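Have a go at each task before you read its solution.

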Amino acid sequence: MLHPGRPPRFVRGGRFFVPPPEASGLLMRLSPTDREIAALAVPALGALAADPLVSLVDTAFVGQTGVVPLAALGVCTAVFGFAFLAFNFLAYGTTPLVAGAHARGEGDEVSRLVWHALALALGAGLLAMAALEVFAVPVLRVMGASGALLDEALVYLRIRALAAPAVLVIMVGHGAFRGAQDTRTPLWVTLGLNLVNLVLDPLLIFGLGWGLAGAAWATVIAQASGAGVFVWLLLRGTRTAPPVRRQRLQWAVIRPLVQIGGDLALRVALLVGTLTFATAVAARLGTRAVAAHQVARELWLFLALVVDALAVAGQALVARYRGMDEMAKAREVSDRLLAFGLVTGAALGIAFWLGGPWLIGLFTDDPEVASGVAMLFPFVAAMQPLNALVFVWDGVFMGAERFRFLALAMCVSALVGCAVIALVLPLGLGLAGVWWGITAFMAARLATLAVGYRGLWRAAA
């Protein structure tokens with residue numbers, strides 16, 4: 001029996017015991033909802049943080065072979081990053097569809113959805129691979145590559161393009177397991193393929209003397225291994241996901257994914273386009289200005305990884321409770337995630353502000369560039385709580401399958417952000433003006449998502 005002012009007692013081995021004050025306090029604070037969020041968000045954070053490691057490892061090893069190979073790697077990494085953004089619907093679209101069917105106990109529907117998503121990934125991957133192989137030279141020329149840089153980049157691009165189908169299959173693997181409320185499996189697969197790449201890079205680059213081509217082959221083998229493991233796990237089934245059975249393809253099953261892909265492609269194009277426009281304007285302010293902008297931008301995007309883990313949890317949990325027709329629970333989870341996001345964003349902002357002087361030294365020793373980065377730190381730090389709410393809301397709306405709304409909201413936000421950024425050069429607002437534009441862009445996203453959030457639950461009611 002519980003008594004006011006007395007710590008709770010629990011049964012262990014037939015005896016009562018009283019947990020220490022800090023433990024009982026933790027038990028009082030952590031609700032089942034919080035544990036659900038943590039169980040998804042923590043492994044998701046690990047997978048999100050590990051995902052860029054392939055490129056980082058390649059960069060570290062290739063950097064030891066010379067400036068031209070390193071520059072070629074940078075150009076190709078940018079090409080692949082942009083090329084595969086259009087296909088991220090394979091993860092974001094698969095998650096809510098699988099989560100809803102999984103929550104309803106429809107194992108056959110889960111199997112059907114995942115099988116069709118894998119087929120779509122394989123087909124789209126083969127098309128992407130063919131396009132990159134055929135248009136490799138013009139694409140690299142658009143990126144400014146020529147001479148020796150073009151030669152090196154062409155070798156890397158044509159080899160790594162072979163991994164396109166594997167990359168898209170990996171996206172489906174992430175989406176399928178997230179939908180099954182399992183973010184641990186994608187974490188282990190991601191760590192495994194990174195280990196393969198880490199072992200093969202030095203062997204192929206230096207051991208066999210293949211240089212940049214060795215880095216490309218290491219990445220292809222690593223990503224093919226990761227795709228193979230995902231397919232094996234999905235076909236045999238796991239503790240969290242039923243086995244996927246081979247079946248005849250049906251357009252009625254593929255069509256929802258294609259429709260989601262169109263909405264998400266528009267959203268991604270507007271997001272990337274706005275940030276690219278900001279970089280283009282910063283470039284016109286001078287070499288050191290765009291260098292400072294690039295450092296601040298990369299730090300800003302890196303911090304987003306932490307909150308993206310909450311967005312992944314939101315997408316999976318909201319879709320799950322919608323599938324169970326428990327909209328009150330879906331809103332409870334969403335509200336809790338927003339609170340966690342706000343606290344996390346505030347903590348990131350404070351930590352970033354305190355670590356600013358140390359971070360600048362890691363990226364540049366040029367006094368003018370360092371001064372520019374220091375000037376932008378208040379923007380990056382102050383935007384963290386705002387960013388956190390936006391990213392969590394993105395996950396909630398994706399879990400609710402409101403992809404069309406996200407695309408339309410991004411249209412409004414991009415218009416606002418680009419309008420402010422377009423005034424930078426005519427009004428002489430400098431680099432700070434560029435970041436005021438980015439702030440306006442994120443504030444517009446916050447406002448549109450906040451309005452949509454209220455409407456989301458009214459519609460559900």
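**Exercise 1. Find the helix that holds Leu 264, then say whether Leu 264 is buried or exposed.**

Step 1: Leu 264 sits in helix H13; helices here are DSSP runs of H or I with at least four residues, numbered from the N terminus.
Before going on, note that this is a predicted model, where local features need pLDDT of at least 70, side-chain atom pairs count only at pLDDT 80 or more, and totals for chains, interfaces and linings use all residues. Residues are numbered from 1 along each chain as its sequence is written, and side-chain values use heavy atoms, with hydrogens and water left out.

Step 2: Leu 264 is buried, because its relative accessibility is 1% (buried means under 20% relative accessible area, exposed over 50%, partly exposed in between, with a 1.4 Å probe and protein chains only).

Step 3: Leaving aside residues up to four places away in sequence, Leu 264 touches Asn 88, Phe 89, Tyr 92, Met 398 and Phe 403 (contact: heavy atoms within 4.5 Å).

**Exercise 2. Which residue forms a salt bridge with Asp 263?**

Step 1: Asp 263 pairs with Arg 404, and their closest N and O atoms are 2.7 Å apart (a salt bridge is a side-chain nitrogen of Lys or Arg within 4 Å of a carboxyl oxygen of Asp or Glu).

Step 2: Asp 263 lies in H13 and Arg 404 in helix H17 (residues 403–421), so the pair ties together parts that are 141 residues apart in sequence.

Step 3: Check the two ends: Asp 263 counts as buried at 12% relative accessibility, whereas Arg 404 counts as exposed at 53%.

**Exercise 3. Look at the salt bridge of Asp 394 with Arg 267, and say which parts of the chain the pair ties together.**

Step 1: In this pair the closest N and O atoms are 2.9 Å apart.

Step 2: Asp 394 lies in helix H16 (residues 367–399) and Arg 267 in H13, so the parts tied together are 127 residues apart in sequence.

Step 3: Both Asp 394 and Arg 267 are buried.

**Exercise 4. At what angle do H7 and H13 pack?**

Step 1: Two packed helices are described by the angle between their axes and the distance between the axes.

Step 2: Helix H7 (residues 107–134) and helix H13 (residues 251–283) pack at about 65°, with axes 9 Å apart (axes are lines fitted to C-alpha atoms, for helices over the stretch in contact, and angles run from 0 to 180 degrees between N-to-C directions).

Step 3: The residues making this contact include His 116 and Leu 120 of H7 and Ile 254 and Leu 257 of H13.

How values were computed. Helices (H or I, at least four residues) and strands (E, at least two) are DSSP runs, numbered from the N terminus.
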